[in-house]
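Please look through the sequence and the 3D structure below before reading on. The paragraphs that follow take up the aromatic rings, the relation between the chains and the sheet.

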There are 2 protein chains.
Amino acid sequence: MKVGVVGLGLIGGSLGKAYRSAGVTVYGQDIDPLTTQYALMAEAIDAELTDGNIRECDLILIAVTPVQAVKWFKENAEKISGQTIVIDCCGTKRYVCSHCFPIAAEHGLTYMGGHPMAGKERGGIKHSSDDLFRDAPFILVPEHADDMELLMEVKGMLMLAGFGRIGITTAEEHDRVIAFTSQMPHLVSNGFIKSDTALADSQMISAGSYQDFTRVAYLDEKMWSELFLENRDYLTKEIDSLIGELTRYRDAIADGDRGRLEQLLAEGKKCKSAVLEKCGPAQINGERN
Amino acid sequence: MKVGVVGLGLIGGSLGKAYRSAGVTVYGQDIDPLTTQYALMAEAIDAELTDGNIRECDLILIAVTPVQAVKWFKENAEKISGQTIVIDCCGTKRYVCSHCFPIAAEHGLTYMGGHPMAGKERGGIKHSSDDLFRDAPFILVPEHADDMELLMEVKGMLMLAGFGRIGITTAEEHDRVIAFTSQMPHLVSNGFIKSDTALADSQMISAGSYQDFTRVAYLDEKMWSELFLENRDYLTKEIDSLIGELTRYRDAIADGDRGRLEQLLAEGKKCKSAVLEKCGPAQINGERN
């Protein structure tokens, strides 16, 4: 098996390392030639992905931002073999899928959207590792969810990189859920750390919940801005919802209204119980993002 | 050494188990006789703390809410020996210390405020464990911070229960910092989980940051209401600050203003870097709360 990886950042670099660890040949390319050189030296890839070898790939994973992914696919579609499966790894799915499905159809290619559910606080190939995806879910967004043979083939290919579960959903549902489960924690963490109190001398006065809330505050503002703006409808809805909740707590606290505050907290407790009952504990993957 | 524990919930039960594991005799009491019986059967305590043995204690730890702690200390001060060190374990310090310092002075007792920086998502003695405090910080709020001999003695006593570091601060500074590092994560998590999206079918579409943001959503509304209201000045300031930040992101996203959004995210990234530089990574204790 041969895999092509487009974009050698944290995700692309880790995909390369994971596939190489599994004995798969990996061709990779990055917009920055120095990064490609680094990937070769770090043995994240076997060789550069070129017009000469791109048709050899059984699988091509596009691990760049949505706009760049669409651009790359459009420019390279005619070089890709009809036997190759192409999957992007972007953090939002509506934009990339709605543009890539027609490109694939036009060129007779097999493409589906994807989202590897793992990451790290720090990006770039130097933080990549071959076990980033161990046991993590990979979410697939196929144009048609009924081609079970294809989906099983893709599942087999992804599990070689260490993914533990394959989820199948629509671009719409992915983006609706991801606004809440991933974009919000990153956004809130980034805003939370801005409090003046963050630089208090007494940071020892903290426990695990503080660690939780500040862990992902450091983020790549260019990538996340693109992802946030592509998902602006769902994301603003979630931000408004949280601001509304916080305002209710704030007013009950400012008013010294203990009954109302207890009720608000009891409601949240009940929601948490309902989530646990329906979904079980939140997924915890090897690496956390 | 003999330790008295007042209040046998998660904290009191864990203190009892930790001290018993270290070979210390533990007397405990709870407002609920069944809990005291449970603690005896669970071997979290050796015997009930009574008027008959309270004078034997070298250390008394009061592990109930602030109002109850003050009430207990007032009612029991005259039974306590002048040789005993009394420390409360409440999550806010201004209220409890400002009431307990005068009680101690009136009765010639040695008292200081305290806050063990560890917890669990679920309370109650049945979730207590002898390693809850392993390597965790214990924050002390003495009336006078210059009695080094006393502080060293207390430090030795606390380390027996597994605490890793002893921090000394004022009630004011404790409450200012705790509003941000602990009360806010609990409040925001409790509000965050209320989003309709929390019950989406596709909870697999999540990674570590979602786990982080929902972990402490389940909380004891009675205890936390008391703690939040006692700290209402600092806490409302932090809530207002976060609502302000979220509103700025929200508006930039709704306006589709990528430059502004990138700048807001870059500012948060810079704050996170500054915190890391000044304070190092946030404390992670054995158990996280």
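**Aromatic rings, symmetry and sheet**

Over all chains, the structure holds 19 aromatic pairs. Rings of Phe, Tyr and Trp (its six-membered ring) pair if their centres lie within 6.5 Å; planes under 30 degrees apart count as stacked, over 60 as edge-to-face and the rest as tilted. This is a predicted model, in which local features need pLDDT of at least 70 and side-chain atom pairs count only at pLDDT 80 or more, while totals for chains, interfaces and linings use all residues; side-chain values use heavy atoms, with hydrogens and water left out. Residues are numbered from 1 along each chain as its sequence is written, and chains are lettered from A and ligands numbered from 1 in the order in which they are written.

One of the pairs is made by A:Phe180 and B:Tyr210, edge-to-face, with 5.6 Å centre to centre and 70° between the planes. A:Phe180 lies in helix H6 (residues 171-192) of chain A and B:Tyr210 in helix H7 (residues 208-214) of chain B, so this pair joins two chains. Helices (H or I, at least four residues) and strands (E, at least two) are DSSP runs, numbered from the N terminus. Both A:Phe180 and B:Tyr210 are buried, where buried means under 20% relative accessible area, exposed over 50% and partly exposed in between (1.4 Å probe, protein chains only).

A:Tyr210 and B:Phe180 also form an edge-to-face pair, again with 5.6 Å centre to centre and 70° between the planes. Here A:Tyr210 belongs to helix H7 (residues 208-214) of chain A and B:Phe180 to helix H6 (residues 171-192) of chain B, so this pair too joins two chains. A:Tyr210 is buried, with a relative accessible area of 2%, and B:Phe180 is buried at 0%. These four residues belong to one aromatic cluster that also includes A:Phe192, A:Phe213, B:Phe192 and B:Phe213.

How are the two chains related? Two copies of a chain are related by a rotation about an axis and a shift along it. The same surface serves both copies, since 100% of the contact residues of chain B recur in chain A; contact means heavy atoms within 4.5 Å.

Next comes the sheet. In chain B, eight strands form an open sheet in the order E3-E2-E1-E4-E5-E6-E7-E8, with mixed pairing. Strands E3 (47-48) and E8 (165-168) of chain B stand at the edges with a single partner strand each, so one side of each is left without a neighbour in the sheet. Two strands pair if DSSP finds at least two bridges between them.

In chain A, consider strand E6 (residues 110-116): six of its seven residues are buried, so the strand is largely enclosed by the rest of the structure. Strand E5 (residues 85-88) of chain A pairs with E6(A) in the parallel sense over three bridges, and A:Val86 stands opposite A:Tyr111 in E6(A). Strand E7 (residues 137-141) of chain A runs antiparallel to E6(A), joined to it by four bridges. The bridge partner of A:His115 in E7(A) is A:Ile139.
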